[in-house]
Amino acid sequence: MQSIESLQDKAAVLVEALPYIQRFAGEVFVVKYGGHAMTDPEARRGFARDVTLMRAVGINVIVVHGGGPQIQAALSRMGIESQFKGGMRITDDDTMQVARMVLVGQVNPDIVSLINQAGGRAVGLSGADGQMLRARRMTLDGEDLGRVGEITRVDDNELRLLTRGGFIPVIAPVAVDHEGEPLNVNADLAAAAIAQHTMARKLILMTDVAGVRGPDGEVVQSVNGGIVRDWIDTGVVAGGMIPKLACALDALEGGVHKVHVLDGRLRHALLLELFTDRGVGTEVIG
Ligand SMILES: Nc1ncnc2c1ncn2[C@@H]1O[C@H](COP(=O)(O)OP(=O)(O)OP(=O)(O)O)[C@@H](O)[C@H]1O
Ligand SMILES: [Mg+2]
């Protein structure tokens, strides 16, 4: 049997969470769940429970997911190679088909099932549904990236209806262009655009590293926008961390209070960051 002291320790954990719960209830939090963070089954179940708990205490949680490794695996099986520029996948028509199949047909329903198993009520959507995410083809340093989109408009009506009803929207980062054709959007950018339009309090980016590493290779707890810009320019951050931090800056300028980069492989990373006095990962502030 558990001693009364150990039960009191558990009660203390709940009490520590109280001021955070009071502050966050009714607010919108956008959680981007990176494809790289989804590997460990136990951490995935933990993520689903964390999101369900956030919803249960009144936070309007919106999940946006990635799927880089899952898309990569499918492309490799089909013998299609891709190249990256600035952390983004150059996407021809075949690659777009595969990306959509994997994101909308596999990763999205997997996350919906996980959250439903944890007792939450998740609804899977892609950004194309109801034309929630509109985008135009983007270029990077003058180079065409193919069917890669940058978001031009977010229609958050559907999201509001769902969150108001206590549902947890789970969004695949596929947008539509002006012709109604699909565009692949980096999930970090999609999450940041959604965070800005829903006036989210927080944008949480869950990935596969302990946080953002600075010039000395150590993970930093807190970093401000000016320094982040410098790290992008000088190559301190590279690969998939570039769109993450670039969109963190946009989100902060767009009114989001705080952006967190968390290790999705760490069990209950979300709860530790949000509801305890000791944060984990890196926070990016304005
Ligand atoms: N300074 C840095 N600090 C931390 N990570 C960095 C840094 N520079 C580059 N990275 C890389 O960025 C990667 C995270 O971005 P990546 O796009 O690979 O994953 P993700 O966005 O979580 O997943 P997905 O793209 O599937 O949604 C890390 O695994 C790391 O290798
Ligand atoms: Mg990425």
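Predicted model: local features only at pLDDT ≥ 70, side-chain atom pairs only at ≥ 80, totals over all residues.
Local features here need pLDDT of at least 70, side-chain atom pairs count only at pLDDT 80 or more, and totals for chains, interfaces and linings use all residues. Residues are numbered from 1 along each chain as its sequence is written, chains are lettered from A and ligands numbered from 1 in the order in which they are written, and side-chain values use heavy atoms, with hydrogens and water left out.

Let me begin with the ligand. Around ligand 1 there are 22 residues, each with a heavy atom within 4 Å of it. The closest are Lys32, Gly68, Thr207, Asp208 and Lys244. By type, the shell divides into eight nonpolar, nine polar and five charged residues; Gly counts as polar, and Asp, Glu, Lys and Arg count as charged.

Next come the polar contacts, that is, pairs of N or O atoms within 3.5 Å. A polar backbone atom of Gly68 is 2.7 Å from an oxygen atom of ligand 1. Thr207 places a polar side-chain atom 2.7 Å from an oxygen atom of the ligand. At Val236, a polar backbone atom lies 3.1 Å from a nitrogen atom of ligand 1.

Which elements give two or more residues to this shell? They are α3 (68-77), β11 (202-207) and α8 (241-253), where helices are DSSP runs (H or I) of at least four residues and strands (E) of at least two.

Finally, the rings. The whole structure holds four aromatic pairs, with ring centres within 6.5 Å. For Tyr20 and Phe24, the centres are 6.3 Å apart and the planes at 40°, so this pair is tilted, being neither under 30 degrees (stacked) nor over 60 (edge-to-face).

Definitions and conventions
Polar contact = N/O pair within 3.5 Å; in protein donor to acceptor, adjacent residues only side chain to side chain. Phe/Tyr/Trp six-rings, centres within 6.5 Å; stacked < 30°, edge-to-face > 60°.
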